[in-house]
Amino acid sequence: MSSEIKADKWSPASGTSATIGDSGDTFTVPSGVTLDTSSSTLTLPSSAITGQTAITSLADTDKFLVSQASDSGNLKYVEKQYLPSGSMVLVGSVSSTGSSSGIFVNGCFSSTYINYLFTYNIDFSSDGAKARVRFTNSSNAEQTSTYKQSSIRDSGSSSASSLYNATSYFVLNDDGQSNFSNIPLTGHMYITDPNSSSRYTAFRNFASTSDAGRNSGYEISGGHYSENTSIAGLSIYPSGGSFEAWNFKVYGIVEA
Amino acid sequence: MSKIHIWENGTLTERDATSEEQLAINLRQSEFDNPNRKLEIIKLLRLQKLKETDYYALQDVIMSNEMKAWRLNLRNIPQDYTTEEEYDLLLARDENGNLTHSVWSKP
């Protein structure tokens with residue numbers, strides 16, 4: 001049996017509250033009907049957000065509900081592409097413990113960013129080893145033409161010195177690193193314009209070192225890969241022995 | 001066989017080095033194991049030990065005969081230790097990273 005209530009106003013029979021239906025009932029507001037709560041207080045269930053399907057990435061046109069302060073708090077939406085974002089975006093991350101003779105970080109460079117930050121933390125198996133780096137192309141092939149690198153370094157056991165190398169790799173540390181696991185090789189390097197096939201890819205490195213005598217030191221270097229080659233990734237490997245633990249991260253730096 | 005690790009699209013995989021990669025790794029290792037490189041590290045350690053005790057040579061400090069003999073032994077390392085096996089013994093460390101050869105022990 002169906003029936004229809006026609007009334008201009010619903011009010012509690014007594015007191016100030018009333019209930020519509022019972023648990024399990026569904027009331028439908030049909031298409032074309034306006035349920036205007038704009039002047040009232042609307043309480044949403046706590047599951048209004050958590051009851052929805054979660055997503056793990058955002059498209060530029062995904063939308064967020066906002067109350068616009070400059071428009072009397074009226075509700076508007078803003079798309080993800082217009083939200084302020086961090087200045088660095090993680091594009092490569094690898095960490096592990098265990099012996100490795102070489103690590104490839106493939107596909108971390110693209111046309112999206114011009115500048116990248118590469119951070120590293122390495123434990124070596126052998127005293128006095130160096131971490132060598134080669135760029136890789138989009139086929140993940142190591143680029144073995146000439147890398148030119150100038151550096152200065154100083155440590156507690158030796159006088160400051162400057163170096164210049166031009167060889168088929170460049171180094172994160174030219175002074176061999178201690179293999180004492182309490183003092184890993186740590187540092188960061190900026191890489192510029194790797195995706196360009198018409199400009200050399202440049203790098204600037206700053207390393208905190210500890211030589212075989214356990215003396216702390218630093219190295220600063222700059223250089224470039226002397227080929228007009230589009231670079232897509234990195235290959236990092238020890239000059240001797242192996243990496244025993246490592247942590248590499250690559251961030252794309254968002255242009256202002 | 002040496003291990004190579006590859007990160008791509010958020011996934012880290014491990015594989016054996018290819019025969020070509022293993023050749024390159026072996027070549028690197030043989031260059032790394034060059035006795036001259038080990039001697040360079042020994043000289044670095046020696047310099048560090050000598051620097052640590054340089055103040056004994058100041059005019060107003062008396063250097064003991066034991067200290068003089070120890071520093072002389074350090075200076076003589078290149079002529080007293082000449083084989084790769086001796087270099088390895090000089091570079092040996094205990095589990096805490098301390099050098100174990102007696103020549104490094106300060107009197």
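In chain B, the C-alpha centres of domain 1 and domain 2 lie 36 Å apart. The model is a predicted one. Domain 1 of chain B covers residues 1–32, and domain 2 covers residues 35–107.

**Where chain A meets chain B**

- The contact between the chains involves 26 residues of chain A and 24 residues of chain B.
- On the chain A side, strand E3 (88–100) and strand E4 (102–106) each supply at least two of the residues that touch chain B.
- Sorted by class, this side of chain A has 17 polar, 7 nonpolar and 2 charged residues.

**Strand pairing across the chains**

**Two packed helices in chain B**

- A pair of packed helices is described by two values, the angle between the axes and the distance between them.
- For helix H2 (residues 35–52) and helix H5 (residues 84–91) of chain B, the angle is about 35 degrees and the axes are 10 Å apart.
- The crossing of H2(B) and H5(B) is left-handed.
- H2(B) contributes B:Pro35, B:Lys38, B:Leu39, B:Ile41 and B:Ile42 to the contact, while H5(B) contributes B:Glu84, B:Tyr87, B:Leu90 and B:Leu91.
- Of the residues in this contact between H2(B) and H5(B), 7 are nonpolar, 2 are charged and none is polar.

Terms used:
Residues numbered from 1 in each chain as written. Chains lettered and ligands numbered in written order. Predicted model: local features only at pLDDT ≥ 70, side-chain atom pairs only at ≥ 80, totals over all residues. Domains from an automatic or database assignment. Contact = placed C-beta atoms within 7 Å. Helix = DSSP H or I, 4+ residues; strand = E, 2+ residues; numbered from the N terminus. Nonpolar A, V, L, I, M, F, W, Y, C, P; charged D, E, K, R; others polar. Axes fitted to C-alpha atoms, helices over the stretch in contact; angles between N-to-C directions. Left-handed = near helix turned anticlockwise from the far one by under 90°.
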